[in-house]
Amino acid sequence: MALKNINPTKTNAWKALTNHFEENKNINIKDLYKDDNRKQEFSLEFDDLLVDFSKNRITNETIDLLVDLANEVDLKDAIEKQFSGEIINVTEGREVLHTALRSTSEDPILVNGKNIKPQIQAALRKIKSFSNKVISGKWKGYTGKSITDIVNIGIGGSDLGPDMIVESLKFYKNQLNTHFVSNIDGDHVSEIIKTLNPETTLFVIVSKTFTTQETITNAETIKNWFLKSATIFDIPKHFVAVSTNLEAVDNFGIDKNNVFPMWNWVGGRFSLWSAVGLSISLSVGFNNYRALLDGAEEMDLHYRNTDFKENIPVILALLSIWYNNFYGAETEAVLPYSQYLSKLPSYLQQAIMESNGKGVDRNGDKVDYQTGTIVWGSTGTNMQHAFMQLVHQGTKLILADFIGYKESLYGLTDHHKKLMANYYGQMEALAFGKTKEDVHLELQFSGDKEKINQLLPFKVFEGNRPSNAILFDKLTPKSLGKLVALYEHKIYTQGILWNIYSYDQFGVELGKELANKLLKA
Ligand code: F6P
């Protein structure tokens with residue numbers, strides 16, 4: 001049975017939330033914090049993860065009403081439909097089963113009446129054995145040398161996910177150098193080619209369709225460069241593909257044994273858990289790749305089985321809806337306090353904005369309420385010296401996720417203490433601000449009264465700016481898997497609440513078509 005089709009704004013919960021908002025829109029986080037239990041009451045723990053959402057403009061009643069909304073649109077039913085493999089990507093006629101890729105349960109999941117679990121296991125075995133051969137040096141290039149460099153050629157979901165994970169797990173990397181070529185801009189591929197030796201480089205062409213202009217153009221350029229020093233008979237030792245389009249892969253000249261599967265029931269931007277993650281496994285080894293999947297599976301189970309009030313992805317999704325649809329906030333920031341996660345914001349931009357950037361509901365009608373949030377961000381503390389001025393004192397209301405780790409990986413405790421002091425300091429500044437009186441006290445000995453009064457308004461921080469603290473013990477493949485899955489489930493939850501389809505992306509087509517027409521012209 002298809003997803004239910006409920007306009008959220010017509011629900012009783014929405015009406016109650018509208019009234020609740022009118023009555024409470026001026027509440028202040030500082031006042032809410034007078035309750036000593038607030039931090040505890042508005043925090044959720046799940047294994048090595050703590051989510052503190054106490055610095056939001058919410059009360060218990062807000063959460064109750066938001067949860068009522070989730071119940072009224074039957075989110076539970078939608079979650080079950082996703083996990084059990086119903087065709088919830090209705091506009092493309094597909095199941096959405098990235099969760100099956102990381103599932104270790106023996107329970108079958110049927111697509112067209114056939115259990116997909118054996119195919120998934122077979123693909124994982126192939127990834128493992130191939131990665132082991134390349135990493136150990138047993139896989140030889142055309143002159144008998146071992147592989148030193150891996151180049152992932154793909155774009156969008158066939159690039160951003162693996163690129164972000166490889167960067168995030170740099171600490172766990174082996175000796176192989178990993179590169180990512182994505183842009184149609186020839187300077188991108190040229191800059192990478194110039195560092196490579198064809199004898200020792202392995203190219204992983206990742207394209208679900210194997211027709212994407214950027215990927216095929218880059219792959220052809222690389223093949224031509226390779227063939228300047230090698231022959232077509234050497235291609236099997238240096239080119240592998242991840243795709244559903246076996247014919248196009250064959251036409252490109254790739255050996256059929258070097259093809260890793262992709263499936264239509266996995267959306268491009270959710271595909272890093274499939275063989276699209278091959279460059280991850282090559283880069284950090286299969287065991288770490290499996291740990292990434294395991295972490296995601298743990299989050300899947302949490303999402304599927306936990307009451308909404310205790311459910312981390314659901315609560316984060318509801319908070320985002322609270323600001324987006326009631327306060328009229330338009331953007332959200334993702335602020336990781338780890339340099340390793342520098343690519344997370346752009347990865348999430350595709351995941352979130354390609355999924356929920358929809359203006360038509362599941363009836364095919366134009367929506368008259370706000371959907372998909374704009375997401376952006378960068379790493380702390382660098383961004384404190386860049387855009388945080390606007391977040392602290394600008395005119396926009398921006399919900400910010402602060403992602404942090406209790407421990408650093410290299411153990412420079414002095415650095416880590418300073419990093420985390422900034423992490424907490426920023427959230428406190430946003431929530432509690434700085435009053436006129438505080439500023440006055442601070443300035444009282446620094447000049448004459450008139451000067452102080454002149455400066456005063458510029459130095460005041462209004463505060464009352466919301467944030468979520470997403471804190472893990474340590475950055476590991478497993479905790480990273482949990483984090484990425486957390487955002488995936490937040491995306492789906494919001495899509496269900498907004499009554500839109502989160503898993504198609506027709507909006508990227510028109511520009512592509514026009515570019516092709518213009519190219520011909
Ligand atoms: O940007 C649109 C999109 O279809 C993404 O969803 C996908 O990740 C990307 O293009 C790449 O597509 P492919 O894997 O088919 O080359």
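1. Two strands are said to pair if DSSP finds at least two bridges between them, and the strands themselves (E, at least two residues), like the helices (H or I, at least four residues), are DSSP runs numbered from the N terminus. On that basis, β2 and strand β13 (residues 467-472) pair in the antiparallel sense over four bridges, with Leu49 standing opposite Phe472 in β13. This is a predicted model, in which local features need pLDDT of at least 70 and side-chain atom pairs count only at pLDDT 80 or more, while totals for chains, interfaces and linings use all residues. Residues are numbered from 1 along each chain as its sequence is written, and side-chain values use heavy atoms, with hydrogens and water left out.

2. Strand β2 also has β1 as a partner: β1 and β2 pair in the antiparallel sense over four bridges, and Leu44 has Val51 in β2 as its bridge partner. The two strands form a hairpin with two residues between them, and Asp47 in the turn has a positive phi of about 50°. Asp47 is exposed, with a relative accessible area of 56%, where exposed means over 50%, buried under 20% and partly exposed in between, for a 1.4 Å probe and protein chains only.

3. Two further backbone features deserve a look. Phi of Asp74 is near 55°, a positive value in a residue other than glycine; Asp74 is found in the loop between α4 (60-72) and α5 (75-84) and, at 23% relative accessibility, counts as partly exposed. The peptide bond from Gly380 to Thr381 is cis, with omega near 10°, and Thr381 belongs to the loop between β11 (374-377) and α17 (388-393).

4. How many of the residues of strand β7 (residues 201-206) are buried? Six of the six are, so β7 is largely enclosed by the rest of the structure. In a regular strand the side chains alternate between the two faces of the sheet. Here Thr201, Phe203 and Ile205 point one way from β7, whereas Leu202, Val204 and Val206 point the other way, and all are buried. Strand β5 (residues 149-153) pairs with β7 in the parallel sense over five bridges, and Asp149 stands opposite Thr201 in β7. Strand β8 (residues 239-243) runs parallel to β7 and is joined to it by four bridges, Phe203 having Phe239 in β8 as its bridge partner.

5. The protein is divided into domain 1 (8-25 + 42-93 + 306-508) and domain 2 (110-288), with bounds that come from an automatic or database domain assignment. The C-alpha centres of domain 1 and domain 2 lie 34 Å apart. Across the two domains, 28 residues of domain 1 are in contact with 19 residues of domain 2, contact meaning heavy atoms within 4.5 Å.

6. About 880 Å³ of space lies in the largest pocket, a volume being the space filled by probe spheres set on the grid points, which are joined across faces, edges and corners. Domain 1 and domain 2 both give residues to the lining of the largest pocket, so it lies between them.

7. The largest pocket is lined by 35 residues, of which Thr209, Thr212, Gln505, Val508 and Lys512 lie nearest its centre. The elements that give two or more residues to this lining are α10 (213-226), α16 (344-356) and α22 (509-520), and the largest share, four residues, comes from α22. The lining divides into nine nonpolar, 17 polar and nine charged residues, where Ala, Val, Leu, Ile, Met, Phe, Trp, Tyr, Cys and Pro count as nonpolar, Asp, Glu, Lys and Arg as charged, and the others, Gly among them, as polar.

8. The second largest pocket has a volume of about 440 Å³ and is lined by 20 residues, of which Gln339, Tyr340, Ser408, His416 and Leu419 lie nearest its centre. Helix α18 (residues 413-432) provides the largest share of this lining, three residues.

9. His489 lies in helix α21 (residues 477-497) and, at 1% relative accessibility, counts as buried. Not counting residues up to four places away in sequence, His489 touches Phe83, Thr99, Arg102, Met299, Asp300, Tyr303 and Pro313.

Technical notes. On a 1 Å grid over the protein atoms alone, a cavity is a set of points where a 1.4 Å probe fits but cannot get out, and a pocket is an open set with protein on both sides within 12 Å along at least five of seven lines; lining residues have an atom within 4 Å of a point.
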